[in-house]
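I opened this notebook to record, entry by entry, what I looked up in one structure. The order below follows my own searches.

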Amino acid sequence: MQSPLPLTVSLFGCLSREYKYFFWSENLDLPAMQTAAKKFLGEHDFRNFCKMDAVNVHNYKRCITSLDISPSSVK
């Protein structure tokens, strides 16, 4: 059995990631959030949102390919 990949490989060597965020506050303006979220689609430089790691990271551009904002009853 092989050992798992080192943490640095799994963090910096992946090809894509998926994130899910849940907001439990009621009375959110979902249409406004959906409109604002569309501005993230495409390629953007996220260096101002990253922990600077100049040794391992040389490209801070990321491509957001899809996103969805929808109501959820999960708490």
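I began with the ring criterion: rings of Phe, Tyr and Trp (its six-membered ring) pair if their centres lie within 6.5 Å, and planes under 30 degrees apart count as stacked, over 60 as edge-to-face and the rest as tilted. I kept in mind that this is a predicted model, in which local features need pLDDT of at least 70, side-chain atom pairs count only at pLDDT 80 or more, and totals for chains, interfaces and linings use all residues. I also noted that residues are numbered from 1 along each chain as its sequence is written, and that side-chain values use heavy atoms, with hydrogens and water left out.

**Entry: aromatic rings**

I searched the whole structure for aromatic pairs and found three. One of them joins Phe40 and Phe46, whose rings are stacked at 6.4 Å centre to centre with 10° between the planes. Phe40, Phe46 and Phe49 together form one aromatic cluster.

For accessibility I used these classes: buried means under 20% relative accessible area, exposed over 50%, and partly exposed in between (1.4 Å probe, protein chains only). Which class does Phe46 fall into? Phe46 counts as buried because its relative accessibility is 15%. Phe40, at 44%, counts as partly exposed, whereas Phe49, at 67%, counts as exposed.

**Entry: salt bridges**

I took a salt bridge to be a side-chain nitrogen of Lys or Arg within 4 Å of a carboxyl oxygen of Asp or Glu, and the search of the whole structure returned two.

**Entry: secondary structure and the chain as a whole**

I read helices (H or I, at least four residues) and strands (E, at least two) as DSSP runs, numbered from the N terminus. The chain has two helices and two strands, and along the sequence they follow the pattern α-α-β-β. Of the 75 residues in the chain, buried residues make up 5%. With contact meaning heavy atoms within 4.5 Å, I noted that residues 24 or more positions apart account for 45% of the contacts in the chain with a separation of 6 or more.

**Entry: the loop between α1 and α2**

I looked up Tyr21, which is found in the loop between α1 and α2 and is exposed, with a relative accessible area of 62%. Its C-alpha atom is separated by 9.3 Å from that of Ile69, 48 residues apart along the chain. Phe22 has its place in the loop between α1 and α2 and counts as partly exposed, at 44% relative accessibility. Which residues does Phe22 contact, leaving aside its neighbours within four places in sequence? I found Phe22 in contact with Ser72 and Val74. I also recorded that Phe22 and Ser73 are 51 residues apart in sequence and 9.6 Å apart in space, C-alpha to C-alpha.

**Entry: the largest pocket**

My last search used a 1 Å grid over the protein atoms alone, where a pocket is an open set of points that a 1.4 Å probe fits, with protein on both sides within 12 Å along at least five of seven lines, and lining residues have an atom within 4 Å of a point. About 2,000 Å³ of space lies in the largest pocket. Of the 44 residues that line it, the closest to its centre are Glu18, Tyr19, Lys20, Tyr21 and Ile64. The elements that give two or more residues to this lining are α1 (7-12), α2 (30-37) and β2 (61-64), and the largest share, four residues, comes from α2.

Conventions. Points joined across faces, edges and corners; volume = space filled by probe spheres on them.
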